[in-house]
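Here's a quick tour of a protein chain for you to follow along with. Keep the 3D view open and click on the residues as they come up.

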Amino acid sequence: MAEELLFTVDGATAVPAGRISLAEAGLLERQHLQQWVIDHPELIGAGVKVVTFEYGKWVSAGGTATADRLDVLGLDRTGRLVVVELKRDRAPDTVTMQAINYAAMVRRFSLDILADVHAAHLGGSTTAEEALVQLMEWAEGVSDETLSPPRIVLMAADFGPTVTNTALFLYEAGIDIRLVRYQLYQTAAGEKILSVAQLLPVPDAEDFMIRPRSSGATQAAARASGERRAAAVQRLISHGTIPDGTEFNIVVPDLVDQDRDGIRAWLATDPNRARVQWHNDVNGPVKWAADGHRYRILALIRHIIETATGQPPRAQLWPPSWYRAPDGRTLHQIAEPLP
């Protein structure tokens with residue numbers, strides 16, 4: 001990759017600043033680089049709020065704690081999680097797999113869990129409810145459905161061809177992964193200067209590219225489709241499409257492969273288990289007839305699966321397909337045509 005040149009300037013005199021490593025400057029990854037990101041989240045991209053850092057409360061399916069520690073977890077303005085992996089020097093060739101592993105783990109986060117984690121990060125007497133308010137003020141319309149799939153940011157002093165090649169492949173395959181390179185310089189006067197730039201995807205690269213018209217249109221349509229899927233509840237509520245009190249039935253989609261028949265049998269045992277009422281409230285859009293409580297659409301489906309099977313969902317869910325209106329359409333089908 002091309003080396004950046006940095007100079008101090010005094011009139012006609014330009015003096016080059018020399019590049020130094022964090023180690024040469026006596027700086028560390030966690031105590032310094034990580035703290036810079038926490039204090040200035042714009043280093044990893046515009047519009048990112050730090051939710052927590054050094055998160056390590058993971059457990060395996062068997063209940064065993066793991067040693068993985070996520071460097072920084074953020075939330076962007078669209079309500080999407082941002083997984084940040086920091087490296088003190090040149091990123092190792094395995095960094096992409098490490099980041100993907102963290103992204104796979106955080107996609108299990110619900111908004112309630114995220115609020116608990118953020119409250120712990122804020123410390124003091126901050127409650128989960130207060131942390132949730134802050135998250136919702138930051139990302140209007142954030143919900144369980146918007147959190148995933150997470151964005152990935154890799155930040156290092158340099159990236160080798162293995163990392164850049166893999167990251168480019170993942171990006172072209174539709175995974176939002178970004179490479180951010182930082183460089184530390186020292187001037188002749190001993191002052192240290194930090195430079196940060198996004199290497200992949202190249203910012204505004206498409207402004208300088210000519211491509212077949214259909215290719216760009218197809219990619220734009222795919223991105224728009226993904227955004228529509230992620231924001232189904234928000235669009236339904238903002239458009240007022242469904243009147244408060246509208247009844248929906250809960251149906252188990254055929255694509256569900258986790259004891260589908262068992263879940264259906266459990267719902268059929270009590271007619272109220274398969275009935276909800278719609279409310280135009282992003283914090284609790286469905287009221288479950290079985291207990292009279294309000295739920296987010298994903299939280300209720302997770303609760304039903306866990307109660308019916310005794311196990312948490314084994315795969316990522318697409319909850320709008322579980323709710324069917326009196327006219328036979330699912331929430332997904334009702335939301336799909338909305339802008």
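How are helix 8 and helix 9 oriented to each other? Their axes cross at roughly 95 degrees, and angles from 65 to 115 degrees count as roughly perpendicular, so helix 8 and helix 9 are roughly perpendicular to each other. Bear in mind that this is a predicted model. Here's the rest of the picture, topic by topic.

**The chain as a whole**

- The chain has 339 residues, and buried ones make up 40% of them.
- Its secondary structure comes to 10 helices and 14 strands.
- Take the contacts in the chain with a separation of 6 or more: 60% of them are accounted for by residues 24 or more positions apart.

- The average pLDDT of the chain is 84, and 86% of the residues score at least 70.
- Watch out for residues 205-209, where pLDDT stays under 50. The model has 2 contacts beyond four places in sequence for that stretch.
- Residues 214-230 also have a pLDDT that stays under 50. For these residues, the model has 12 contacts beyond four places in sequence.

**Helices that pack against each other**

- Back to helix 8 and helix 9 (residues 297-309): their axes come within 9 Å. On the helix 8 side you'll find I263, W266 and L267, which meet I304, I305, T307, A308 and T309 in helix 9. Sorted by class, this contact has 6 nonpolar, 2 polar and no charged residues.
- Helix 3 (residues 111-122) and helix 4 (residues 128-138) have axes 8 Å apart and pack at an angle of about 105 degrees. Helix 3 and helix 4 are therefore roughly perpendicular to each other. Helix 3 brings L111, L114, A115, D116, H118, A119 and L122 to the contact, while helix 4 brings A128, A131, L132, Q134 and L135. That makes 9 nonpolar, 2 polar and 1 charged residue in the contact of helix 3 with helix 4.
- Helix 2 and helix 5 (residues 161-172) cross at roughly 40 degrees, and their axes come within 9 Å. Helix 2 and helix 5 are therefore oblique to each other. Here V95, T96 and I100 from helix 2 meet V163, T166, A167 and L170 from helix 5. The residues of this contact split into 5 nonpolar, 2 polar and no charged.

- In soluble globular proteins, nonpolar side chains tend to be buried together.
- The largest nonpolar core in this model has 36 residues, and L75, F109, L114 and L154 are the ones with the most contacts inside it. Helix 2 (residues 95-106) gives the most to this core, with 6 residues.
- Which residues does F109 touch, leaving aside its neighbours within four places in sequence? F109 is in contact with Y55, W58, L73, L81, L114, V117 and L147.
- There's a second, separate core of 29 residues, which includes A274, I304, W322 and I334.

- Is D254 buried or exposed? D254 counts as exposed because its relative accessibility is 61%. You'll find D254 in the loop between strand 10 (247-250) and helix 8 (260-269). Setting aside neighbours within four places in sequence, D254 is in contact with R260 and R264.
- G45 is in a loop too, between helix 1 (29-39) and strand 4 (48-55). With a relative accessibility of 16%, G45 counts as buried. G45 and V153 are 108 residues apart along the chain, but their C-alpha atoms are separated by 8.7 Å.
- E54 sits in strand 4. E54 isn't a glycine, yet it has a positive phi of about 50 degrees. At 12% relative accessibility, E54 counts as buried.

**Cis peptide bonds**

- S148 and P149 are joined by a cis peptide bond, with omega at about 5 degrees. P149 is in the loop between helix 4 and strand 7 (151-156).
- The peptide bond from L200 to P201 is cis, with omega near -10 degrees. Look for P201 in the loop between strand 9 (192-200) and helix 6 (213-230).

Key: Residues numbered from 1 in each chain as written. Predicted model: local features only at pLDDT ≥ 70, side-chain atom pairs only at ≥ 80, totals over all residues. Heavy atoms only, no water. Axes fitted to C-alpha atoms, helices over the stretch in contact; angles between N-to-C directions. Helix = DSSP H or I, 4+ residues; strand = E, 2+ residues; numbered from the N terminus. Parallel < 35°, antiparallel > 145°, perpendicular 65-115°, else oblique. Contact = heavy atoms within 4.5 Å. Nonpolar A, V, L, I, M, F, W, Y, C, P; charged D, E, K, R; others polar. Core = buried A, V, L, I, M, F, W, Y, C linked by side-chain atoms within 4.5 Å. Buried < 20%, exposed > 50% of the residue type's maximum accessible area, 1.4 Å probe, protein only. pLDDT = per-residue confidence, 0-100.
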